[in-house]
Amino acid sequence: MGLNKVGILTGGGDCPGLNPAIRAAVAYLVRHGIKVIGIHDGWRGLLTEEVTPLGVESVAGIIGQGGTILGTSRTNPLKVEGDLAKVIKSIKAQGLDAIIAIGGDDTLSVAAGLWERGVPVVGVPKTMDNDIEETDYCFGFDTAVTVAVEAVERLRDTARSHRRIMVLEVMGRYTGWVALWTGMASGADWILIPEVPLDLEEMCENLHRIWDKRRYALVVTSEGLDMGKTGGAGAERDAFGHEALQKRGVGQWVADQIHDRTGVETRASVIGHIQRGGAPTTFDRILATRLGIGAAELIRQGRFG
Ligand code: F6P
């Protein structure tokens with residue numbers, strides 16, 4: 001198949017590493033005489049036909065920038081009847097011979113849907129959650145954990161001064177990777193993840209014992225922890241049906257439980273989207289660059305899906 005023009009998009013939550021991945025794919029394709037079109041704001045850009053040609057100059061100097069120069073959204077063309085057909089029509093109208101979709105589970109599920117309908121697609125896995133099947137690491141994760149570890153270090157200083165227990169809530173959706181790595185790398189005293197059932201008594205007994213000895217303690221909790229309650233049917237959800245987990249208030253709830261059971265002054269902090277911004281770590285830059293080149297190579301070889 002003669003390949004002339006490839007579209008590239010980033011979808012879902014942004015994370016550090018998207019720009020290095022775009023940069024690598026664009027540089028590789030352009031060097032091989034293939035035109036690249038940047039699709040704005042994930043799958044939405046194909047519905048609205050907002051696209052921009054990308055050259056080597058467009059991606060110069062972005063390797064160290066967080067976010068995505070293409071913009072992103074959680075648009076789900078599988079949700080609205082007729083949207084997938086519109087996306088396919090738009091790909092044809094733009095003269096795109098193939099698509100590189102950089103995203104997590106959601107963006108890649110749309111990519112899979114397109115592939116099943118005959119669209120040549122290559123997916124690049126990314127997410128700070130590190131939860132994509134068949135991957136050991138996703139870019140964005142290392143940077144997010146690095147930022148969160150620094151946050152715990154800062155909390156340690158103030159916890160020690162005030163003789164408090166501090167709880168840090170991190171993102172990660174339904175998996176505990178971010179909380180586990182943050183807690184392990186910062187030497188937290190207790191780590192709460194969705195994969196392990198919460199035992200409040202055990203946690204509080206341990207925290208009290210630690211606090212008795214050194215007068216402070218640190219807890220890292222995942223936003224997706226099972227508190228025995230969810231927002232239920234009324235909870236705010238995105239186009240892929242995911243609950244806005246930050247709104248569940250896990251960190252504050254955990255802090256209240258600790259305070260009630262131990263009597264020790266306890267404070268909660270939510271690091272939130274701070275984990276998703278900033279310069280990618282070296283690890284994320286390299287992984288993203290390798291994946292960007294990998295995707296472009298697969299495109300050239302005609303290996304899709
Ligand atoms: O999937 C990445 C992620 O940061 C999750 O960890 C978090 O639950 C979610 O996105 C937050 O989404 P939004 O940016 O739409 O608030």
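Arg215 lies over the face of Trp211, 4.4 Å from the ring centre. A charge is taken to sit over a ring if NZ of Lys or CZ of Arg is within 6 Å of the ring centre and within 35 degrees of the ring normal. Arg214 has its charged end over the ring of Tyr216, at 4.6 Å from the centre. The model is predicted, so local features need pLDDT of at least 70 and side-chain atom pairs count only at pLDDT 80 or more, while totals for chains, interfaces and linings use all residues. Residues are numbered from 1 along each chain as its sequence is written, and side-chain values use heavy atoms, with hydrogens and water left out.

Turning to ring pairs, the whole structure holds 4 aromatic pairs (rings of Phe, Tyr and Trp, the last by its six-membered ring, with centres within 6.5 Å; planes under 30 degrees apart are stacked, over 60 edge-to-face and the rest tilted). Tyr137 and Phe283 form an edge-to-face pair, with centres 5.5 Å apart and planes at 75 degrees. Tyr137 belongs to the loop between strand 5 (121–125) and helix 5 (141–162), and Phe283 to helix 9 (residues 282–301), so the pair ties together parts 146 residues apart in sequence. Helices (H or I, at least four residues) and strands (E, at least two) are DSSP runs, numbered from the N terminus. Tyr137 is partly exposed at 34% relative accessibility, and Phe283 is partly exposed at 39% (buried means under 20% relative accessible area, exposed over 50%, partly exposed in between; 1.4 Å probe, protein chains only).

Phe141 and Trp177 are also edge-to-face, their centres 6.5 Å apart and their planes at 80 degrees. This pair links helix 5, which holds Phe141, with helix 6 (residues 177–186), which holds Trp177, 36 residues apart. Phe141 is buried at 2%, whereas Trp177 is partly exposed at 35%. Ring pairs join Tyr137, Phe141, Trp177, Trp181 and Phe283 into a cluster.
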